[in-house]
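Here is a quick tour of some helix packing. Have a look at the model first, then read on.

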Amino acid sequence: MSDIILHHYDVSPFSQKVRRMLAFKELPWRGVTIANTLPKPLLVPLTGGYRRTPVLQIGADIYCDSRLITAKLDELQPSPALVPESSRGQIEILSDWSESRAFWWTLLPIFADLMPILPDEFVADRVSMLASLTREQVQADAPHAFDQFQFVLDNLERILSQQPFMVGTSFTSADAACSHTLLYTVHSPRVYAAVQQRPRVAAWLERVNAVGVERCEEMSAEEALDIACTANPVDIAPYLDDFIQDVSLGDAVVVQPDDYGCVPVTGTLARATRTELVILRESATLGRTAVHFPRLGFKMTRQP
């Protein structure tokens, strides 16, 4: 197997999530540090335009979104499992809730408190991903988000009254998904205080922190591009899910997130399972690459 390469930056919550899962599995990996704003000229050629962080690369196969990366890590090394089959339903529901709703209720109060020190270019970049992230709108939305954040903490406290981790006695991807934004509350005294008022949540975050954040062998973006250029995609076994309508394997398609950072990626459909979309791309610089997306949270349409 080719090296696992993670394109990431340290303060990205979703990068921290994936790095914690790599540490849990004790998987070796190499890291490419990317910018936290556009342009990302040495990442976009790999993804075809997808700009969110992190991105996992194995040779010429490129995996987008931390949910799909989770599944790939379990495929590469089944034990210890990030998503044990016996708890899959609970883990998927908890992770989706945490990263689609609880994420924003946690992030917005922190973001509001940090606004005075955030550079204009960083804020402008985030507004390009989601129009409601202007300085003014974040400040207006933060009080309601902080109110809703209390419900997040209360629900987590209830879950943890019965067990040390989200779905039982062991760390899973649900713990990585539910904790990665909470770990940033230390940057906002009032938000952090709300966490500390829930003793089970505070103790659970300490247990999650004990898993660690795996370090890596650093490499350059140019080296990662060279690896993609000299490799061929291997994870492209064809399959077409029965639920896919009006699109066939080999069709030109467009795939993009359905919530924010909705940059379209074009290519030829190579696989569509119940959980994954794979498109093949050809470029003069990289040759043939396969870009992988989860079905959940991503929209695919036939290319006009």
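## Ground rules

The expected span of a helix is taken as 1.5 Å times one less than its number of residues. Helices (H or I, at least four residues) and strands (E, at least two) are DSSP runs, numbered from the N terminus.

This is a predicted model, so to speak of local features pLDDT of at least 70 is needed, side-chain atom pairs count only at pLDDT 80 or more, and totals for chains, interfaces and linings use all residues. Residues are numbered from 1 along each chain as its sequence is written, and side-chain values use heavy atoms, with hydrogens and water left out.

Helix 9 has 13 residues and spans 19 Å from first C-alpha to last, close to the 18 Å expected at 1.5 Å a residue. Its buried residues (under 20% relative accessible area; exposed is over 50%, partly exposed in between, with a 1.4 Å probe and protein chains only) are V201, A202, W204, L205 and V208. These cover an arc of only 160° around the axis, which puts them on the same side of helix 9; the arc is that of the directions from the helix axis to the C-beta atoms.

Over on the other side of helix 9, P199, E206 and A210 are exposed. The cover for the buried residues includes helix 1, helix 6 (135–160), helix 7 (173–179) and helix 8 (189–196). After helix 9 comes G212, with a positive phi near 90°.

## Helix 1 and its partners

Helix 1 (residues 13–25) packs on helix 9 (residues 199–211) at about 65°, with the axes 8 Å apart. Axes are lines fitted to C-alpha atoms, for helices over the stretch in contact, and angles run from 0 to 180 degrees between N-to-C directions. Helix 1 and helix 9 are therefore roughly perpendicular (65 to 115 degrees; under 35 is roughly parallel, over 145 roughly antiparallel, the rest oblique). R20, A23 and F24 of helix 1 touch V208, N209 and V211 of helix 9, contact meaning heavy atoms within 4.5 Å.

With helix 3 (residues 66–76), the axis of helix 1 comes within 10 Å and crosses at roughly 10°, so helix 1 and helix 3 are roughly parallel. Here F14, K17, V18, M21, L22 and K25 in helix 1 meet S66, R67, I69, T70, L73 and D74 in helix 3.

## Helix 10

In helix 10 (residues 221–230), A221, A224, L225 and A228 are buried. They fall within an arc of 100° seen down the axis, so they line one face of helix 10. D226 and T230 are exposed on the other side of helix 10.
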